[in-house]
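Biologist: Hi, could you walk me through this model? I have a handful of quick questions.

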Amino acid sequence: MHKKVLIIGSGDLGMGVANSLIEEGHEVSVLKRTPPIKKEKLLYIKADMTDHKTLQDMVVDFDHVLLVVAPDSRSEEAYVSLFDTGVTNILQLFADKNPKASFLFVSSTAVYAQAKGELVDEKSLTNPINYRGKILLKAENRILAHNQKNCVVRFSGIYGQGRNHIVEKLKKGEPIQSTPPYYTNRIHREDCIRVLLFLLKKQFDDVLSHNLYLATDHDSLSMYDLALHLAKHYDLKAPQKAILKEDASQNKKLSNQRLLEEGYVFKYPRYSLR
């Protein structure tokens, strides 16, 4: 079934989804402040979600919207601009011109504050303690209140294709927390794209079972075990163990059970060096 899809967010994930949808015959438009000269098969809309004036004359005859944006920095100002002001502008635009369009919003597991090794799923308490989590949770709630068919997916830490901050720590000889174990939850960037396509197509057919999903692979590794694995692969010196007090933060363990029950099959179910 041919669909008209608007993608807001032209980064790695957004463009990966856009290209796949085009190959399948869907009509895809990408919202971008400075569209490229060479457009190929993609349709570009020159606008800025954080500036409502650039959206005023925009035609929004889309069936679905993928909102997969990332701030320019980790500052509070950047998060407010994108996930508060920007989300407000987009939701108002569609409320006025096309309230039936459904949204898929990419959020983060930063909305959880658990840090003692707890197992966390979609039903777990969200009580973020930092501004990033608070702003994202507010945006999630507004997206879900806008349309009962809207959906939110919370990604864990994305790795693959240039995301090598742990390797950089190893190269610098930085110690890695060993005791108590600090859990790291990961998902390969290819699975991120595949998850978004999977959920979008479920939205296309109006068969999503839930409106909230956690997207993470099968294993919550300890950061030290992961660092050892990477050190061996890259022929680097094993990291020094950082042994902290018993009450030190251990992060959380994320469950992907709901996504698996929905029918998603991971390409990289466990950490992969590809």
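Biologist: Let's start with F198 and Y264: are they buried or exposed?

Modeller: Both F198 and Y264 are buried. Buried here means under 20% relative accessible area, with exposed being over 50% and partly exposed in between, using a 1.4 Å probe and protein chains only. Keep in mind that this is a predicted model, where local features need pLDDT of at least 70, side-chain atom pairs count only at pLDDT 80 or more, and totals for chains, interfaces and linings use all residues. Residues are numbered from 1 along each chain as its sequence is written, and side-chain values use heavy atoms, with hydrogens and water left out.

Biologist: Thanks. How many aromatic pairs are there in the whole structure?

Modeller: The search finds 7 aromatic pairs. Rings of Phe, Tyr and Trp (its six-membered ring) pair if their centres lie within 6.5 Å; planes under 30 degrees apart are stacked, over 60 edge-to-face, and the rest tilted. One of these pairs is Y79 with Y131: the ring centres are 6.1 Å apart and the planes at 80°, so it is edge-to-face.

Biologist: Where do Y79 and Y131 sit in the chain?

Modeller: Y79 is in helix α2 and Y131 in helix α3, 52 residues apart, so to speak a link between distant parts of the chain. Helices (H or I, at least four residues) and strands (E, at least two) are DSSP runs, numbered from the N terminus. Y79 is buried at 8% relative accessible area, whereas Y131 is partly exposed at 29%.

Biologist: And what about the rings of F198 and Y264?

Modeller: Their centres are 5.5 Å apart with the planes at 65°, so that pair is edge-to-face. F198 belongs to helix α5 (residues 189–204) and Y264 to the segment after α7, 66 residues away in the chain.

Biologist: Which residues do ring pairs link into a cluster?

Modeller: Y79, F83, F105 and Y131.

Biologist: Switching topic: which residues touch the most other members of the largest nonpolar core?

Modeller: That core has 37 residues, and L6, I8, L31, M49, M58, F83 and F94 touch the most other members. A nonpolar core is a set of buried Ala, Val, Leu, Ile, Met, Phe, Trp, Tyr and Cys residues joined through side-chain atoms within 4.5 Å. Two or more residues come from each of β1 (4–8), β4 (64–67), α2 (76–97), β5 (102–108), α3 (131–146) and β11 (212–215). The largest share, 8 residues, is from α2.

Biologist: What is M49 in contact with?

Modeller: Beyond neighbours within four places in sequence, M49 is in contact (heavy atoms within 4.5 Å) with I8, L31, L55, L67, V69, L82, T85, G86, V87, N89 and I90.

Biologist: What does N256 touch?

Modeller: Not counting residues up to four places away in sequence, N256 touches L214, T216, D217, H218 and F266. N256 is in the loop between β14 (251–254) and α7 (257–262), and is buried at 7% relative accessible area. Its side chain makes a polar contact of 3.0 Å with that of H218. A polar contact is a pair of N or O atoms within 3.5 Å; within protein, one must be able to donate a hydrogen and the other to accept it, and residues adjacent in sequence count only if both atoms are side-chain atoms.

Biologist: Last one: which peptide bond is cis?

Modeller: The bond from T179 to P180, with omega near -10°. P180 lies in the loop between β9 (176–179) and β10 (183–188). Most residues other than glycine have a negative phi, and most peptide bonds are trans. D206, not a glycine, has a positive phi of about 55°, and N251, in strand β14, has one of about 65°.
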